[in-house]
Amino acid sequence: ELEKLGANVTELRFLQDQLIQEKKSNAQRSASEIEALNQRIKDLSTLLVQKDKEISQLQEGFKALSSENEVLKSNKSELEKEVTEINLQKQELATKVAEASKLKLSGIRVSGMNVRGKALDGKGKTFKKKQLKGIQVVVQLADNAIAEKGSRMAYLQVVGPNKLPIFDLAKGSGTFNWSGEEQFFTAKQEFWYDSKEQTLVFFYEKGSAYSLGTHEVKFFVDQQYLGSSTFVID
């Protein structure tokens with residue numbers, strides 16, 4: 001029991017070995033030797049009683065430690081639960097802040113331009129193919145006090161009825177990364193965002209005639225898609 005409880009049993013092992021040797025001896029013993037042996041047995045009995053008390057004390061100590069350990073485990077579990085909840089709250093808050101800090105589109109307007117650079121009468125955003133030379137896109141960004149101030153890059157992507165972007169490298173078109181893929185943009189514009197409402201104006205003059213059908217104008221800032229509008233060519 002003492003060994004199981006981690007106590008020192010060297011003394012007991014020594015006495016045990018001595019008694020084993022005495023038991024193995026077949027020599028006749030004198031009265032004095034027997035008396036001495038009886039005295040050692042009494043001493044051993046006293047020692048064993050003392051060791052029993054030590055065992056009882058150690059067992060009580062282990063019970064107390066076990067109880068304290070259970071309390072500590074319970075407290076640790078509660079603390080881990082609280083830490084997990086705090087981390088979840090932090091993640092939710094970070095997600096909300098990130099979402100709230102994104103730029104917002106308050107409006108996007110598409111106008112058709114003729115060869116003289118004048119706006120066409122596009123009722124319902126429908127323009128005549130033979131009159132249309134280019135388009136003007138006016139984008140209105142909403143104010144956002146928590147959005148990061150600084151230089152931004154805006155991309156305009158005009159998608160034709162064939163679902164393909166309209167671009168012309170000679171007129172400033174190019175590619176940008178969107179959702180891990182390289183895509184063509186029609187026009188781009190670098191601007192400084194100061195958290196206040198502001199307007200961006202894009203002009204794009206196509207080198208050839210526009211196709212008949214519905215065109216979609218998509219607007220991006222950096223890696224964020226803000227919204228779109230459409231116009232029709234007939």
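Mentor: Happy to! Helices (H or I, at least four residues) and strands (E, at least two) are DSSP runs, numbered from the N terminus. Two strands pair if DSSP finds at least two bridges between them. What you see is a predicted model, in which local features need pLDDT of at least 70, side-chain atom pairs count only at pLDDT 80 or more, and totals for chains, interfaces and linings use all residues.

Trainee: OK, strands then. How do S10 and S11 pair?

Mentor: Strand S10 (residues 213-221) and S11 are antiparallel, with nine bridges between them. Within that pairing, Val217 has Ser229 in S11 as its bridge partner. The hairpin they make has two residues between the strands, and Asp222 takes a positive phi near 55° there.

Trainee: And which way does S2 run against S11, parallel or antiparallel?

Mentor: Parallel: two bridges join strand S2 (residues 126-127) to strand S11 (residues 224-233). Thr126 faces Val232 of S11 across that pairing.

Trainee: Back to Asp222. Which residue does Asp222 form a salt bridge with?

Mentor: With Arg152, and the closest N and O atoms are 4.0 Å apart. The two come from distant parts of the chain, 70 residues apart: Asp222 is in the loop between S10 and S11, and Arg152 is in strand S4 (residues 150-159). For the term itself, a salt bridge is a side-chain nitrogen of Lys or Arg within 4 Å of a carboxyl oxygen of Asp or Glu.

Trainee: Are those two buried, partly exposed or exposed?

Mentor: The cut-offs are under 20% relative accessible area for buried, over 50% for exposed, and partly exposed in between (1.4 Å probe, protein chains only). Asp222 has 29%, so Asp222 is partly exposed. Arg152 has 14%, so Arg152 is buried.

Trainee: How many salt bridges are there by that rule?

Mentor: Five. One of them joins Lys51 and Glu54, whose closest N and O atoms are 3.5 Å apart.

Trainee: How far apart are Lys51 and Glu54 along helix H2?

Mentor: About one helical turn, because they are three residues apart. Lys51 has a relative accessibility of 11% and counts as buried, whereas Glu54 is partly exposed at 25%. Helix H2 holds another pair, Glu80 and Lys76, which are four residues apart. Their side chains meet in a salt bridge at 4.0 Å, N to O. Glu80 is partly exposed at 44%, and Lys76 is exposed at 51%.

Trainee: What length does H2 reach?

Mentor: Helix H2 (residues 31-100) has 70 residues and spans 100 Å from first C-alpha to last, close to the 104 Å expected. That expected span is 1.5 Å times one less than the number of residues.

Trainee: Which residues of H2 are buried?

Mentor: Leu44, Leu47, Lys51 and Ile55.

Trainee: Changing topic: which strands form the open sheet?

Mentor: Three of them, in the order S1-S3-S9, with antiparallel pairing. Strand S1 (105-113) and strand S9 (198-205) are at the edges with a single partner strand each, so one side of each has no neighbour in the sheet.

Trainee: How many bridges hold S3 to S9?

Mentor: Eight bridges join S3 (residues 134-141) to S9.

Trainee: Which S9 side chains are buried?

Mentor: Gln198, Leu200, Phe202 and Tyr204, which point to one face.

Trainee: Last one: where do Lys163 and Ser179 lie?

Mentor: Both are in loops: Lys163 between S4 and S5, and Ser179 between S6 and strand S7 (181-185). Each has a positive phi without being glycine, near 70° for Lys163 and near 55° for Ser179. Lys163 is exposed at 69%, and Ser179 is exposed at 61%.

Conventions. Residues numbered from 1 in each chain as written. Heavy atoms only, no water.
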